[in-house]
Amino acid sequence: NEPTKPAKQEPTLPKPVTTILPPPPKPIPQPEIYAKGLLATVNFLCQNNNGTYTVATGALIDAHGYIISNAHIVDKENLQPTCTIRAGSPAVPFGKAKLVFMPRDYNTTADNQAQARLDISLWKLEGARSDWPYWELDFDITAQREDRLLTQRYPAELLSSEIILKSLGLLFSDAVVSETDTSVIASRATISAPHGSSGGILINPYTAKLHGIIFGISSDTTRAINERILYAITPSRINAIVWQETKKQNFGFLPISCS
């Protein structure tokens, strides 16, 4: 008798696994971000010692009324600068702010690129309120190339002094990141990049956190206002500047006393 052959075993195939991917994040509705900007994105109107005015943008970053902007808006001849702060569109005055922090080396740094990486200033609104609407800075995440951000600014290029003083509007648009590192973000605004955008902000459309404070515009090689590049300093770089002089992380020194 021949031995009985074992029955042939068919290989057991693994059951297919269905992977359910989470839905992509939805951006915050832009009308919500714009509405917040009407309260928390502010316009600086600073009178200089020679009688001229400096116009710039800033962002409230703390409920106690602390504002971040650029160092280059400070009049070097004014040792205790105070600026009128406006908000809304058109911008309407609602308070005054005093300079409380500026990098020590900003005015003594001869190299333009090094100076640009120090181009921040912090201001304190006068008054006893502690419930100012404000933007949160994203210290942990840096925008990447091709990311789409939002910008809010009070640009003044090509505007008459009457419009600047009475009818200056908040410009709100998209921006696409073209280059970036841990210190500086270069982006191209989809509408325009007029001068006077200093202190403007770059906003993450998904979190509504700030990813940059605009300090400059490149227009040397192009005349088209919609082809200019916005340059912004990142929150992580700002944090490093503040840490170097205060030894406090992520603006942990707020609130600080004015000096």
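## Terms and basis of the model

Two strands are said to pair if DSSP finds at least two bridges between them. Helices (H or I, at least four residues) and strands (E, at least two) are themselves DSSP runs, numbered from the N terminus.

This is a predicted model, in which local features need pLDDT of at least 70 and side-chain atom pairs count only at pLDDT 80 or more, while totals for chains, interfaces and linings use all residues. Residues are numbered from 1 along each chain as its sequence is written, and side-chain values use heavy atoms, with hydrogens and water left out.

## Overall composition

The protein has four helices and 12 strands. Of its 259 residues, 46% are buried; buried means under 20% relative accessible area, exposed over 50%, and partly exposed in between (1.4 Å probe, protein chains only). The protein exposes about 14500 Å², and carbon and sulfur atoms supply 52% of this area. Accessible areas come from the Shrake-Rupley method with a 1.4 Å probe, and for residues only the protein chains shown count as cover.

A contact means heavy atoms within 4.5 Å. Among the contacts with a separation of 6 or more, 65% are between residues 24 or more positions apart.

## The barrel from β1 to β6

Six strands form a closed barrel in the order β1-β2-β3-β6-β5-β4, and their pairing is antiparallel. From one strand to the next, the twist averages 40°. Axes are lines fitted to C-alpha atoms, for helices over the stretch in contact, and angles run from 0 to 180 degrees between N-to-C directions. Threonine 84 stands opposite lysine 96 in β5. Helix α1 lies across β1, β2 (53–60) and β4, and runs at about 30° to β1.

## The disulfide

How many disulfides does a search of the whole structure find? The search finds one, where a disulfide is a pair of cysteine sulfur atoms within 2.5 Å. Cysteine 46 belongs to strand β1 (residues 41–47) and cysteine 83 to strand β4 (residues 82–87), so the pair ties together parts that are 37 residues apart in sequence.

The torsion about the S-S bond of cysteine 46 and cysteine 83 is about 110°, and the disulfide is therefore right-handed. Cysteine 46 counts as buried because its relative accessibility is 3%. Cysteine 83 also has 3% relative accessibility and so counts as buried.

## The nonpolar cores

A nonpolar core is a set of buried Ala, Val, Leu, Ile, Met, Phe, Trp, Tyr and Cys residues joined through side-chain atoms within 4.5 Å. The largest such core holds 48 residues, of which Phe44, Ile67, Trp123, Trp135 and Ile238 touch the most other members. Strand β5 (residues 92–101) contributes the largest share of this core, with four residues. A second, separate core has 10 residues, including Ala143, Val177, Ala189 and Ile217.

Leaving aside residues up to four places away in sequence, phenylalanine 44 touches several residues, among them Val55, Ile67, Ile73, Cys83, Ile85 and Trp123.

## The barrel from β7 to β12

Another six strands close into a barrel, in the order β7-β8-β9-β12-β11-β10, with antiparallel pairing. Neighbouring strands of this sheet are turned by 45° against each other on average, direction ignored. Helix α1 (residues 30–40) packs on the sheet, where it touches β7, β8 and β10 (201–203), and its direction makes about 30° with that of β7. Strand β7 (residues 148–153) pairs with strand β8 (residues 171–180) in the antiparallel sense over six bridges. Arginine 153 has leucine 171 as its bridge partner in β8.

Strand β11 (residues 210–218) is mostly covered, with eight of its nine residues buried. Three bridges link β10 and β11 in the antiparallel sense, and isoleucine 203 stands opposite leucine 210 in β11. These two strands, β10 and β11, form a hairpin with six residues between them, and alanine 208 in the turn has a positive phi of about 60°. Strand β11 also pairs with strand β12 (residues 229–233), in the antiparallel sense and over five bridges. The bridge partner of serine 218 in β12 is isoleucine 229.

## Serine 187

Is serine 187 buried or exposed? Its relative accessible area is 1%, so serine 187 is buried. Serine 187 has its place in strand β9 (residues 184–189). Not counting residues up to four places away in sequence, serine 187 touches residues including Val177, Leu202, Arg228 and Ile229.
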